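Student: I'm new to this one, and I'd like to get to know it one question at a time. Let's have a look at it together.

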Amino acid sequence: MQPRRVEILPSFEEAYQSLPPDIQERVQDALAHFSDRSADNSLRPELKNGFDNVWSIRISKGYRAFYKKLRDSEGAIYGMFHVGHHDDYRALKKLSSKVSISAHIQSGAGQRGHSIQVVVKGRAASKNSLPQEKQTRKRER
Amino acid sequence: MSDKDKKSSSGLPSQVVKLDELFQSVFGAAQLTPNAEPNPPAVAAAGAYMQYVQQLIQRLGHDVQHVLAQVRDEQAIARMASDLLNAENSRKSALQRYLDVSAPPGEQAGWTALASRMRQTMCTELEAIRDSRLRLELFRAELINQQRGGITARIVLRGGTQIRLHFGRKHDHAA
C-alpha cells in the first residue's frame, strides 16, 4: 500500500500553533499514522456532511484535523488545512442505542435542581466519562 | 422586538422557554413514570424548544452566509468563530447532565420518548453551533491560504521518500 501524500497548508500550520502542546504531539502522531495508513480505525477518516469535499480525521476526543482530498497526475493528495475543536455529538445521539443506561434523579427540599447518577453497564460513571470515550481509548491502544 | 427576535451578545437568538425547568421536569418524569403520557404543558414546552432549535439553525445559517459573502477580514472571522466556540461550550456545559442520561433501547414510550426526542434536539442544537463555527474556521483557512499561498510542507512524496515534519511552537518547524 502506497503511503498517502499529505500536504500541510499555511492555515493548518497557523491553527496548529495555537494548540496546547499535548494536542500538538497528538497531531504529529496522527499525521504520521495517516500518511503511513497505519491507524485508520482510530483516525476514522470521514466525509463531513454539508461541507464541500471536506474530510476529517480524529486527533483526540475533542479535536479533528480537516483536509480536502485532491488529485493530480500521480494520484490523490490530502491537503490538510485546519485542525481544531470538534465534539462528536453524533456519538451522543448513538449512545442510547449502544449501551444500557439508567439514571437516578433525586430532588430534595431546599436542594436546587437534581443530582444525576449515570450507571453504565452496571458501573457508576461520572458525567465526564462517557462510555463512548472509554471504548475509543480501548480501540486506540 | 419580540423575544423570538432578541439576540444575545454572541449573535444567537434568545431562548423562548425556560429550558432547565423543562429538562428537569421531563427527565425527572421519565424516571418516575416512564411510560405515562406526558402532560400537555410539557409537550408544548418541548415543542417550543424544538422550534427554537429550528430557528437557531436558520439564524446561524443566514449569519454564516452573510459572513462568507461579505467579510474578508480573517481576524474578524476568528473572533466570530471564537464567540461561537464559547457559545457551544456554554450550552454544552448546561446540557451535559441531560446528554449523559438516556433510556434503555427499545423501551421508549411516554415521558421516556419525549426525553429521548429532547436529547436528540439538544445534540442538534450543539451540532448547529459547532458546524457554523466550523464553516467560519474553514472559510478563514481558505482566506489564509489564498493570502499566503503555497504549501508549507509535504509529508510524504510518492515513490518512497518520506519527510517527517517537526513542528515548532514559534514557526520554527523544519521539514
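Student: Which residue forms a salt bridge with B:Glu74, with the closest N and O atoms 3.7 Å apart?
Tutor: A salt bridge here means a side-chain nitrogen of Lys or Arg within 4 Å of a carboxyl oxygen of Asp or Glu. B:Glu74 sits in helix H3 of chain B, and its partner is in helix H4 of chain B, 74 residues apart from it. With 3.7 Å between the closest N and O atoms, that partner is B:Arg148.

Student: Before we go on, what pLDDT do side-chain atom pairs need to count?
Tutor: Side-chain values use heavy atoms, with hydrogens and water left out; residues are numbered from 1 along each chain as its sequence is written, and chains are lettered from A and ligands numbered from 1 in the order in which they are written. This is a predicted model: totals for chains, interfaces and linings use all residues, local features need pLDDT of at least 70, and side-chain atom pairs count only at pLDDT 80 or more.

Student: Back to that pair: is B:Glu74 buried or exposed?
Tutor: Buried means under 20% relative accessible area, exposed over 50%, and partly exposed in between (1.4 Å probe, protein chains only). B:Arg148, at 46%, is partly exposed. B:Glu74 has a relative accessible area of 9%, so it counts as buried.

Student: Which residues are joined by salt bridges that share partners?
Tutor: B:Glu74 also meets B:Arg140 in a salt bridge, at 3.4 Å from N to O. Salt bridges with shared partners build one network out of A:Glu14, B:Glu74, B:Arg140 and B:Arg148.

Student: How do H3(B) and H4(B) lie relative to each other?
Tutor: Axes are lines fitted to C-alpha atoms, for helices over the stretch in contact, and angles run from 0 to 180 degrees between N-to-C directions. These two axes come within 9 Å and cross at roughly 160°. Angles under 35 degrees count as roughly parallel, over 145 as roughly antiparallel, 65 to 115 as roughly perpendicular and the rest as oblique. H3(B) and H4(B) are therefore roughly antiparallel.

Student: How many charged residues are in the contact of H3(B) with H4(B)?
Tutor: Asp, Glu, Lys and Arg count as charged; Ala, Val, Leu, Ile, Met, Phe, Trp, Tyr, Cys and Pro as nonpolar; the others, Gly among them, as polar. The contact of H3(B) with H4(B) has 18 nonpolar residues and two polar ones, and the charged residues number 11.

Student: What about H1(B) and H2(B): which residues of H2(B) does H1(B) meet?
Tutor: The axes of H1 (residues 19-32) and H2 (residues 40-70) of chain B come within 10 Å and cross at roughly 130°. That makes H1(B) oblique to H2(B). Contact means heavy atoms within 4.5 Å. From H1(B), B:Leu19, B:Leu22, B:Phe23 and B:Val26 meet B:Ala42, B:Ala45, B:Ala46 and B:Tyr49.

Student: And how many of the residues in that contact of H1(B) with H2(B) are nonpolar?
Tutor: No polar and no charged residues turn up there. The nonpolar count is eight.

Student: In what order do the elements of chain B run?
Tutor: Helices (H or I, at least four residues) and strands (E, at least two) are DSSP runs, numbered from the N terminus. Chain B has four helices and one strand. From the N terminus on, the order is α-α-α-α-β.

Student: Which residue of chain B does A:Asp88 touch?
Tutor: The C-alpha atom of A:Asp88 is separated by 7.4 Å from that of A:Gly62, 26 residues apart along the chain. Leaving out residues up to four places away in sequence, A:Asp88 touches A:Arg64 and B:Arg130.
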